[in-house]
Amino acid sequence: MKSKADLIVGIQWGDEGKGKMVDFLAQNYQYVVRYQGGHNAGHTIVNEGKKYALHLIPSGILYPNCKNIIGNGVVISPNALIEEMKAFNNLQGRLFISEKAHLILPFHELLDKKHEQNAKKAIGTTGKGIGPAYTDKVARCGVRIEELRDTQTLCEKLLERNEQLSTLGIENLEVKTLKTSLDTYAKALLPFLANTTAMIWEALDKGERVLCEGAQGSMLDIDHGTYPFVTSSTTIASGACSGSGISPRELGDVIGITKAYCTRVGNGPFPTEEKGEIGDYLREKGGEFGVTTGRSRRCGWLDAVAVKYACRLNGVNSLAMMKLDVLDGLDEIKVCTAYQDKDGNLLQSFPSNLCGIKPLYKSYKGWDKTAGVRDFQSLPKKAQEYILDLENFIGVKITMISTSPDRKDTIFRQ
C-alpha cells in the first residue's frame, strides 16, 4: 500500500530545533530527505551527551538503518560536504545525493561576500555562496553535481566565468587548480549520486516511511518571508515537492517547529526583539549562537501572529515547541498576539512589510522549572496554561514539547 511523505518545517526565522525533532522521529522512518538550502543551515543534535553539528547531511544519519537523501533542491558546497562526511563511517548505501542538485563553488562564496560588501543595505548572509548558486541555477548557468562525471568539460565551462569575475574584481579561475579541485570532488562524491526522485517514489509505492527535512524557517522563505531579508530558496512545505520530486498529494503530516520564544540571525525586521536584559538572558540560557557561523542570534518574545501565519502557509497539522526550559525562572513571559502599524492601526494578521510595526503583547506569569520534564501533567501549571493558550490562539495542537537538548527530554501529547 502506498504511503505519504511526512514533513518537518521551521515556523520562525530558522534555528527552531528541527534537527533534534528529525533525529527523534527518524527512528520511525526508512528515509530522511533534505530538500532545500545549503551549508548555511546547521542542525545541532545531542545524543547521549555527544553533540553533532549537521549542515548538509540529513539528520537521520545517526540511525544505521535510515537512508538519507540530499535532494535536488539543495545547493551543495563540495568542500563542506566532504568535510562533514568525515565524521561518519559506512556512508555507502546510507547517503544518497540527487544528480540534479547544484554545486556551490569557491567563486560563489566570493561573489556572495562581494555583494554584501557593495550593498547599500546588507542582508546579513552567512557568505557561504548560497544566493549566487541559486542565482546561477535560475539563470540556467549553474552546475549540477552530475557534471562532475566529466571534469574536463566542466572545467572548460567554468573558465568562461572569468570575464564576469574579473569585472567584479575577483581573481580568475586557473585551469590546473580548478581541474584538480573538480577531480577531488568527483572522486569523493560521485559514488553517492543517484536518481533520488525515483528512489523516493519507489519507497512510497512500497509503503515505506519518508520524512522530509527543511532548512532555515518559513519567515525566511523567498516569497512569503520578510523579503528581502530572506534566504534564496523555498523554505515552506511546498519546497519539499520541488526540492525532492514528491507530488503535493503525496505529502502527509506537516509538523511545524517553533521555539517557546523567538530568534533571528542576520539583518531584517524582528518586531519582538529584546535588546536588553531579556534578550541577553534568552541568548545565554538558550545557547543562541549559530551552528554554522557562531554568530550571536537576536532574541525576543514569541511572535504568535507570525507562528499562526506560518502554520497556515505550511498546512501544519501539529506543532512541536522547542526550548520551553529556557523560559524557566522568568517572572513574566510575553507573547505577541497582534501588531500596531505606524499609523496606530490594529493588525491581527501578518503584513507583507514589517517596517514600523509595533508588537502588542499578552503577559503570562512565569514558572519555576520545566527542564527535563517528560510528561505534560508534570509541567508547572503556569507552563501548561501558556501552551494551551498558545495552541488555542494559533489553531494548531502543540503535540511535542522539548524540555532540554537531549532527545529523550520530550513530551508527547496526543
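The following legends describe an overall view and several close-up views of a predicted model.

Local features are reported only where pLDDT is at least 70, side-chain atom pairs count only at pLDDT 80 or more, and totals for chains, interfaces and linings use all residues. Residues are numbered from 1 along each chain as its sequence is written, and side-chain values use heavy atoms, with hydrogens and water left out.

**Overall view: the fold and its dimensions.** The protein has 12 helices and 20 strands, where helices (H or I, at least four residues) and strands (E, at least two) are DSSP runs numbered from the N terminus. Its C-alpha atoms fill a box of roughly 65 × 55 × 40 Å along the principal axes. The radius of gyration is 22 Å, which agrees with the value near 22 Å for a compact globule of 414 residues; this radius is taken over C-alpha atoms, and the globule rule is 2.2 Å times the number of residues to the power 0.38. Of the 414 residues, 56% count as buried, where buried means under 20% relative accessible area, exposed over 50%, and partly exposed in between (1.4 Å probe, protein chains only). Among contacts (heavy atoms within 4.5 Å) between residues at least 6 apart in sequence, 75% join residues at least 24 apart.

**Close-up 1: the aromatic pair Tyr-309 and Phe-350.** Rings of Phe, Tyr and Trp (its six-membered ring) pair if their centres lie within 6.5 Å, with planes under 30 degrees apart counted as stacked, over 60 as edge-to-face and the rest as tilted. By this rule the count comes to 6 aromatic pairs. One of them, Tyr-309 with Phe-350, is stacked, at 4.5 Å centre to centre and 20° between the planes. Tyr-309 lies in helix α11 (residues 304-314) and Phe-350 in the loop between β17 (346-347) and β18 (358-365), so the pair ties together parts that are 41 residues apart in sequence. Tyr-309 is partly exposed, with a relative accessible area of 23%, whereas Phe-350 is buried, at 13%. Together with Tyr-339, these two residues form one aromatic cluster.

**Close-up 2: charged ends over aromatic rings.** A charge sits over a ring if NZ of Lys or CZ of Arg is within 6 Å of the ring centre and within 35 degrees of the ring normal. The charged end of Arg-209 sits over the ring of Tyr-29, 4.2 Å from its centre, and that of Lys-308 sits over the ring of Phe-393, 5.1 Å from its centre.

**Close-up 3: helix α3 and its packing.** Helix α3 (residues 106-118) has 13 residues and reaches 19 Å from its first C-alpha to its last, close to the 18 Å expected at 1.5 Å a residue, the expected span being 1.5 Å times one less than the number of residues. Phe-107, His-108, Leu-111, Asp-112 and Glu-116 are buried in α3, and the buried residues of this helix pack against β8 (102-103), α4 (130-138), α5 (151-159) and α6 (162-167).

**Close-up 4: the surroundings of Tyr-63.** Tyr-63 lies in the loop between β4 (50-54) and β5 (67-70) and counts as buried at 14% relative accessibility. Leaving aside residues up to four places away in sequence, Tyr-63 touches Asp-23, Phe-24, Ala-26, Gln-27, Arg-94 and Arg-407. Tyr-63 and Asp-23 are 40 residues apart in sequence, yet 8.4 Å apart in space, C-alpha to C-alpha.
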